[in-house]
Amino acid sequence: MSDAVLLEITDGIALVTLNRPDKLNALNYDLIDRLMAALDGIETDDGVRAVILTGAGDRAFSAGADIHEFSGSVRHGRDTAIRDFVRRGQAMTARLEAFRKPVIAAINGLAFGGGCEITEAVHLAIASERARFAKPEINLGMPPTFGGTQRLPRLAGRKRALELLLTGDPFSPQRALEIGLVNRVVPHDGLLPAARELAERIVRHSPLAIGSIITAVTRGLNMGIAEGLQVESEQFAALVPTSDLGEGINAWIERRRPSYSGH
């Protein structure tokens with residue numbers, strides 16, 4: 001794996017680090033591709049139960065897309081820009097959003113542009129008190145392209161999202177907490193421990209149930225309530241014949257801690 005993305009697995013939790021600190025962990029094409037490759041490996045590794053995603057260094061989670069690189073795609077015209085830049089970035093955020101294992105962003109610094117869009121897409125996010133967020137794409141004469149015009153209004157509400165999208169103004173981690181972009185703000189030195197503690201509270205449960213909940217929520221958000229309830233029913237139905245559901249029920253009846261197999 002390229003040094004652009006670092007992977008460390010401890011006790012079933014994968015720590016994935018965006019590793020271009022000299023470029024504020026800007027999302028160039030290689031980093032995005034390497035992140036997708038890391039997710040491929042994590043997805044098929046039954047020993048990994050959750051993912052923590054963070055940035056290298058103390059300055060940035062990710063300052064957004066690598067402008068020098070994607071400007072070259074823009075200069076080559078619309079088709080190249082859409083293929084190389086937009087589709088790649090949208091595929092990354094869509095993959096994070098739909099990933100069947102919980103992804104927790106640990107926002108250690110700047111989360112601008114694409115870094116903010118990753119934060120919008122992941123399942124959970126904890127921010128350092130030093131974190132800073134922004135939707136600055138308008139300063140380049142363009143809208144967000146990795147899903148920011150769609151996910152932020154769903155999280156924050158239309159008017160609050162539009163204010164951030166149309167001004168490009170940076171905002172604090174406390175503001176991110178208010179609008180539902182992050183779950184918690186913690187002291188900087190406690191960021192990774194807080195993310196790991198949250199992951200540990202999740203992975204004690206059945207991985208099948210975790211994946212079903214993520215899928216039901218992610219798919220249902222874009223549906224009417226009737227269609228969403230059908231997805232919920234389908235996710236439950238898929239668990240009925242599994243050992244994990246039987247174990248969970250039996251453990252509750254027998255008043256003991258369940259031991260899940262993931263099957």
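Setting aside neighbours within four places in sequence, Thr215 touches Arg100, Gly220 and Gln235. Please keep in mind that this is a predicted model.

**Thr215**

- You will find Thr215 in helix 9, which covers residues 207-220.
- Thr215 counts as buried because its relative accessibility is 13%, and the cut-off for buried is under 20%.

**Helix 3**

- Helix 3 runs over residues 78-98, a total of 21 residues.
- From its first C-alpha to its last, helix 3 reaches 28 Å, close to the 30 Å expected at 1.5 Å a residue.
- There is a bend of about 30° in helix 3, and it sits at Val86.
- Val86 is also one of the buried residues of helix 3.
- Among the helices that the buried residues of helix 3 pack against are helix 1 (29-44), helix 2 (67-75), helix 4 (114-121) and helix 5 (148-156).
- Those buried residues also pack against strand 3 (50-55) and strand 5 (103-107).

**Pro241**

- Pro241 belongs to the loop that links helix 10 (225-239) and helix 11 (243-253).
- With a relative accessibility of 68%, Pro241 counts as exposed, since exposed means over 50%.
- His263 is 22 residues from Pro241 along the chain, and their C-alpha atoms are separated by 9.3 Å.

Key:
Residues numbered from 1 in each chain as written. Predicted model: local features only at pLDDT ≥ 70, side-chain atom pairs only at ≥ 80, totals over all residues. Heavy atoms only, no water. Helix = DSSP H or I, 4+ residues; strand = E, 2+ residues; numbered from the N terminus. Buried < 20%, exposed > 50% of the residue type's maximum accessible area, 1.4 Å probe, protein only. Contact = heavy atoms within 4.5 Å. Expected span 1.5 Å × (residues − 1). Bend = angle between axes of the 7 residues up to and from the residue.
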